[in-house]
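I opened the model today to look at the ligand and its surroundings. Here are my notes, in the order I took them.

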Amino acid sequence: MSDDDTVPADVEHEAEIPEDHPRYQDLLSRHRIEEGIEKGITHLQGMHAEGRGSAFDYLLGEETIESADEAERAAAAHLLLAEKPVLSINGNVAALVPEKMVELAAVVDADLEVNLFNRTPERMQAIADHLRDHGAEDVKGLEADARIPNLDHQRAKVDADGIYAADVVLVPLEDGDRAEALEAMGKTEIVIDLNPLSRSPQVADVPIVDNILRAVPNMADHARDLADADAAELRAIVEAFDREAALEAAEERIRNGL
Ligand code: PTJ
């Protein structure tokens, strides 16, 4: 990296971050989260979430490990088999991968629904607008005319024709109790979280221990690859996936670098 090619003290646009910087992905994520906060999309607590994720990604080697790739393929198969798949969006997801979430939703024919822990009408609207700016047509979550039973916080608020009615839900970047509550409703949950020990991947049908920056485009690639697969082939991929083995492989990599 030459002197002219260093990271500016104040990055105004992400294009100013040199792609060959050894910490490129991390600098890009931090920039997107900061920008998300400035735009009223991301909650300040999103910075803590980002820091937690970044530490685990470091230990994973900042790459999609084989078990995560298998999980991403199984997730794609689940989404393609689903009758009503919904991708849940919080403030960090909206800041980090808005375009990629819209793209994945199009590839698997899923709905996008905003669902926040720190829910305010202003943030709900800002995120819905942000997703529309990145190509989304319909964004759910603002109606909030249904509740996830036995969940005592704002994430319980969902749309009756969205997450409430979904059979498969993608739940990214939340260490919480919603995945468990969704499971109790009989839904299949796919979770993306860099910490295999956080609550959501621990209960997910498909825990994806990978950075969302890598996971979502890879899921879309798998879904495109499987577009012509019949239901039997998709079911075989789903059944061959071993959630316990995926969690163990990720923890092993993080603890022992293996
Ligand atoms: O937008 P809101 O109001 O719904 O709030 C969202 C946050 C993210 C602030 C809220 O859900 C939260 O506090 O999250 P936690 O409890 O910090 O959990 C976030 C999880 O996501 C942690 O287990 C992190 O390891 C993980 N994580 C963070 N960044 C990434 C990630 N996993 C994958 N890719 C990332 N880039």
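How far is an oxygen atom of the ligand from an N or O atom in the side chain of R155? I get 2.7 Å, which is inside the cut-off for a polar contact (a pair of N or O atoms within 3.5 Å).

Before going on, I noted that this is a predicted model, where local features need pLDDT of at least 70, side-chain atom pairs count only at pLDDT 80 or more, and totals for chains, interfaces and linings use all residues. Residues are numbered from 1 along each chain as its sequence is written, and side-chain values use heavy atoms, with hydrogens and water left out.

Next I checked two other side chains. For R123, an N or O atom of the side chain is 2.8 Å from an oxygen atom of the ligand. For D193, a polar side-chain atom also lies 2.8 Å from a ligand oxygen. I then looked up the areas: the ligand taken alone exposes 740 Å², and the protein buries 95% of that (Shrake-Rupley method, 1.4 Å probe).

I found 24 residues around the ligand, and the closest are G91, F117, R123, R155 and D193. By class, the shell has seven nonpolar, ten polar and seven charged residues, with Gly counted among the polar ones.

Which helix gives the most to this shell? It is α2, with five residues. Both α2 (45–60) and α4 (91–96) supply at least two residues each.

Last, I stepped back to the whole protein. I count eleven helices and eight strands, taken as DSSP runs (H or I, at least four residues, for helices; E, at least two, for strands). The C-alpha atoms fill a box of roughly 55 × 45 × 35 Å along the principal axes.

Technical notes
Near = heavy atom within 4 Å. Polar contact = N/O pair within 3.5 Å; in protein donor to acceptor, adjacent residues only side chain to side chain.
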